[in-house]
Amino acid sequence: MGQKISNTTSKRTQNSSFLSFLKRFSPQKSSLDKIVLPRKGVLAKLITPPANKSSDFTRVISDCISFASTRTQEYLVFKDPEGKFQPSPQTLTQVFLMTYMTQSVNQDLTEAFNCTAMTPEQRILLGADWVWAILEKPTKNPKIQIAVQVLHLPDTEEAEERAAARKPVSESIQMAQMESRNQNAYERMVDFCTSIGKDCYALFLFFGKRDDMENIYGVLSNNFEAAVGKYDRIDRALIENFLKGLKYFHTPLGMMQAIFTKKTEEALTLMIKFS
């Protein structure tokens with residue numbers, strides 16, 4: 001992600017130790033607009049034929065997100081008849097990202113709607129798996145950002161954490177873990193978005209939930225900091241509560257339209273069904 005994150009933080013946080021520490025792990029080239037995706041092979045099969053370029057920018061973005069959600073859901077619901085194979089949480093996240101990136105390149109979105117995948121160190125420090133950004137022209141400075149954290153079903157997430165704990169980690173990972181040890185991943189992402197302002201949204205993306213394991217849901221807000229002080233801490237249970245008992249969910253298109261039409265400094269919280 002490199003310089004993209006450090007340029008988006010507000011002036012009041014530029015000298016904070018948290019983001020200063022982040023710069024030490026920023027690669028020189030991690031932005032999607034530096035990625036050249038293959039046009040042939042496995043990824044090419046994920047590309048839908050280019051349609052007429054829509055004048056509705058939000059619809060093109062939401063179509064790419066919906067396509068990635070549909071592709072990921074196919075893996076999410078997969079059942080091996082012999083019970084020997086199950087896609088890991090990491091695989092599901094990568095499928096979503098690869099599919100979205102391929103679609104966005106195909107639709108020429110990358111100059112206006114950027115996607116930046118986090119490094120392992122940045123994921124620990126910021127709590128995000130990737131960040132979407134709507135870019136201003138001609139400066140390409142982020143105007144609106146959506147930091148995304150993927151949440152998998154608890155059983156699979158815990159199994160992956162146990163497996164990761166048995167593997168050796170690099171010094172940079174250890175330093176990132178030490179720097180962020182006083183907060184959980186949910187709190188770190190909320191803090192990151194809060195430090196930028198109301199034009200930065202935290203999106204918690206559920207790849208299945210307890211009462212519906214085969215669909216993808218999301219909770220998006222630029223106002224999670226309002227929960228700080230009201231509750232002991234921001235955690236998975238608190239975020240899942242937003243989804244309980246709901247009969248109506250926004251679509252990805254509805255989410256993007258709401259973000260684009262929101263007034264400056266206005267709080268916005270949405271629950272979305274992506275599949």
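This is a predicted model: local features need pLDDT of at least 70, side-chain atom pairs count only at pLDDT 80 or more; totals for chains, interfaces and linings use all residues.
Residues are numbered from 1 along each chain as its sequence is written. Local features need pLDDT of at least 70 and side-chain atom pairs pLDDT 80 or more, while totals for chains, interfaces and linings use all residues, and side-chain values use heavy atoms, without hydrogens and water.

**Exercise 1. State how many helices and strands the chain has, and what percentage of its residues is buried.**

Step 1. The chain contains 10 helices and six strands. Helices (H or I, at least four residues) and strands (E, at least two) are DSSP runs, numbered from the N terminus.

Step 2. Of the 275 residues in the chain, 49% are buried. Buried means under 20% relative accessible area (1.4 Å probe, protein chains only).

**Exercise 2. Describe the largest nonpolar core and the surroundings of Tyr100.**

Step 1. A nonpolar core is a set of buried Ala, Val, Leu, Ile, Met, Phe, Trp, Tyr and Cys residues joined through side-chain atoms within 4.5 Å.

Step 2. The largest such core has 35 residues, and Tyr100 and Trp132 have the most contacts inside it. Helix 3 (residues 57-76) provides the largest share of this core, six residues.

Step 3. Contact means heavy atoms within 4.5 Å. Not counting residues up to four places away in sequence, Tyr100 touches Cys64, Ile65, Ala68, Leu109, Phe113, Cys115 and Trp132.

Step 4. A second, separate core has 26 residues, among them Ala202, Phe206, Ala227 and Leu238. In soluble globular proteins, nonpolar side chains tend to be buried together.

**Exercise 3. Find what Gln73 contacts beyond its sequence neighbours.**

Step 1. Gln73 is in helix 3.

Step 2. With neighbours within four places in sequence left aside, Gln73 contacts Glu214, Asn215, Ile216 and Ser275.

Step 3. Gln73 and Phe207 are 134 residues apart in sequence, and their C-alpha atoms are 8.1 Å apart in space.

**Exercise 4. Describe the lining of the largest cavity.**

Step 1. On a 1 Å grid over the protein atoms alone, a cavity is a set of points where a 1.4 Å probe fits but cannot get out, and lining residues have an atom within 4 Å of a point. A volume is the space filled by probe spheres set on the points, which are joined across faces, edges and corners.

Step 2. The structure holds one cavity of 30 Å³ or more, and the largest cavity has about 40 Å³ of space.

Step 3. The largest cavity is lined by Val190, Cys193, Thr194, Cys200, Ala202, Ser221, Asn222, Asn223, Phe224 and Glu225.

Step 4. Helix 8 (185-196) and strand 4 (200-209) each supply at least two lining residues; helix 8 gives the most, with three residues.

Terms used. On a 1 Å grid over the protein atoms alone, a cavity is a set of points where a 1.4 Å probe fits but cannot get out, and a pocket is an open set with protein on both sides within 12 Å along at least five of seven lines; lining residues have an atom within 4 Å of a point. Buried means under 20% relative accessible area, exposed over 50%, partly exposed in between (1.4 Å probe, protein chains only).
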